[in-house]
Amino acid sequence: MRTCSSSDGLKTYNSVKHLLFMTISLSILSLIIVSCVKDTDIPNTPQGNFEALWKIIDEHYCFFNYKHKQYGLDWNEVYNRYSKQMNDGMSKYQQFEVLTNMLSELRDGHVNLYTSFDLGRYWSWHENYPSNFNDTLYNIYIGTDYRIASGLKYKILDDQIGYIRCATFANELGEGNLDEIFLYLAPCKGLIIDIRNNTGGLLTSAEELAARFTNEKILVGYMQHKTGKGHNDFSNMHEQWLEPSRGIRWQKKVVVLTNRQVFSAANEFINYMKCCPQVSIVGDHTGGGSGLPFSSELPNGWSVRFSACPMYDKDKKDTEFGIAPDYYVSLANDDFTKGKDSIIEYARTLLNKHK
């Protein structure tokens, strides 16, 4: 578990909670309320905080079975190993270290521990891999004559390929803004959407953008929610559908660029786009993050955020550890010395091939 200072986690939590109020039944809302209630029976001691954190995760985390199959996660064994490290003489910083290390056993970028002095976070889902994005190369392509709308930067490249840079889904996009963007790019023979390093934000924004690439309602995945405290206590799978936008929709070839830092709502955007016609995914495997996060509180007032509702693709496969591209492409040193982004150039080749 790595530590950093960031407000992105809380923004994501609030955004996802807002989406759930709009899209999921009241039974899930009851779960949210229960999961955020502080257990007053557990004392505010190092051991008490450990017991509370382990119990919260044990009763509400949603990927135990999946991660046991993937790498042998045993949450009871984790308890036995880390409980031995707790003692009443620990400082708050020592408690924080042990608790964040325990949470790192989940290998989940949506699992965070919030304190007044630091934020516990697991970043290995992208730190252990090549970035496959370079600001210097990006600036060469985007130049200074680009347009901006709702945080999206867009322009027409010199081969009449449209380019949209979507660095985050933290903002609402707006149907009118998207209409203006697609109207401007309409003469292009193909479109590149670059979401590399997009770590998520609003699922509604990811859906709003993806809705521009289908002319019919399509099944994009499934979701479950916890119905009890057991690791196997889940509802039936609820279908997730993508409705076509009522605004301007793109009818030509599209290539979406990805890397390991594509996470959470951005990971879900890739899931949506894989279901749309005329779309190819180019770059690296995404970082994942398919669980909807919720929060709870420890006796000492620290907050923990964790994945509570699993989401799946249209084939009912888990995307928690990411989604593979259609074409694996990495940045090449030879291209870099020439001022070229290998991933963008591969996308341009695909689009020019299908003009």
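Select Phe64 to begin: it is buried, with a relative accessible area of 4% (buried means under 20% relative accessible area, exposed over 50%, and partly exposed in between, with a 1.4 Å probe and protein chains only). Before you go on, note that this is a predicted model, in which local features need pLDDT of at least 70 and side-chain atom pairs count only at pLDDT 80 or more, while totals for chains, interfaces and linings use all residues. Residues are numbered from 1 along each chain as its sequence is written, and side-chain values use heavy atoms, with hydrogens and water left out.

**Stop 1: the rings around Phe64**

Tyr61 and Phe64 form an edge-to-face aromatic pair, with 5.2 Å from centre to centre and 75 degrees between the planes. Rings of Phe, Tyr and Trp (its six-membered ring) pair if their centres lie within 6.5 Å; planes under 30 degrees apart count as stacked, over 60 as edge-to-face and the rest as tilted. Tyr61 has 0% relative accessibility, so it counts as buried.

Now widen the selection to Phe50, Trp54, Phe63, Tyr66, Tyr71, Trp75, Tyr79 and Phe321, which ring pairs link with Tyr61 and Phe64 into a cluster. How many aromatic pairs does the structure hold? The count is 20.

For a tilted example, pick Tyr327 and Tyr346: their ring centres are 5.6 Å apart and the planes make an angle of 50 degrees. Tyr327 lies in strand E15 (residues 327-328) and Tyr346 in helix H13 (residues 342-353), so the pair ties together parts that are 19 residues apart in sequence. Helices (H or I, at least four residues) and strands (E, at least two) are DSSP runs, numbered from the N terminus. Both tyrosines count as partly exposed, Tyr327 at 31% relative accessibility and Tyr346 at 32%.

**Stop 2: charged pairs**

Next, look for salt bridges, meaning a side-chain nitrogen of Lys or Arg within 4 Å of a carboxyl oxygen of Asp or Glu. A search of the whole structure finds 17 of them.

Select Arg165 and Asp194, whose salt bridge has its closest N and O atoms 3.4 Å apart. This pair links distant parts of the chain, with Arg165 in strand E6 (residues 161-165) and Asp194 in strand E7 (residues 190-194), 29 residues apart. Are these two residues buried or exposed? Arg165 is buried, and so is Asp194.

Move on to Glu243 and Lys217, a salt bridge with its closest N and O atoms 3.8 Å apart. Here two loops are linked across 26 residues of chain: Glu243 is in the loop between strand E9 (238-242) and strand E10 (254-258), and Lys217 is in the loop between helix H10 (203-210) and strand E8 (218-223). Glu243 is partly exposed, with a relative accessible area of 44%, and Lys217 also counts as partly exposed, at 44% relative accessibility.

Lys314 and Asp315 give you another salt bridge, with 3.6 Å between the closest N and O atoms. Lys314 is partly exposed at 37% relative accessibility, and Asp315 is partly exposed at 48%. Then select Asp158, Asp159, Glu345 and Arg348, which salt bridges with shared partners join into one network.

**Stop 3: Asp159**

Asp159 sits in the loop between strand E5 (152-156) and E6 and is buried, with a relative accessible area of 17%. Which residues does Asp159 contact, leaving aside its neighbours within four places in sequence? They are Lys189, Arg348 and Asn352, where contact means heavy atoms within 4.5 Å. Draw a distance between the C-alpha atoms of Asp159 and Arg348: they are separated by 8.4 Å, although the two residues are 189 apart along the chain.

**Stop 4: cysteines**

Select Cys309 and Cys62. The sulfur of Cys309 is 6.8 Å from its closest cysteine sulfur, in Cys62, which is too far for a bond. With a disulfide taken as a pair of cysteine sulfur atoms within 2.5 Å, the count comes to 0 disulfides. Cys309 counts as buried, at 0% relative accessibility, and Cys166 is buried at 0% too.

**Last stop: confidence**

Colour the chain by pLDDT, the predictor's confidence in each residue, from 0 to 100. The protein chain averages 90, and 88% of the residues score at least 70. Over residues 1-37 the pLDDT is below 50, and beyond near neighbours in sequence this stretch has 64 contacts in the model. Where pLDDT is low, the predicted coordinates should not be read in detail.
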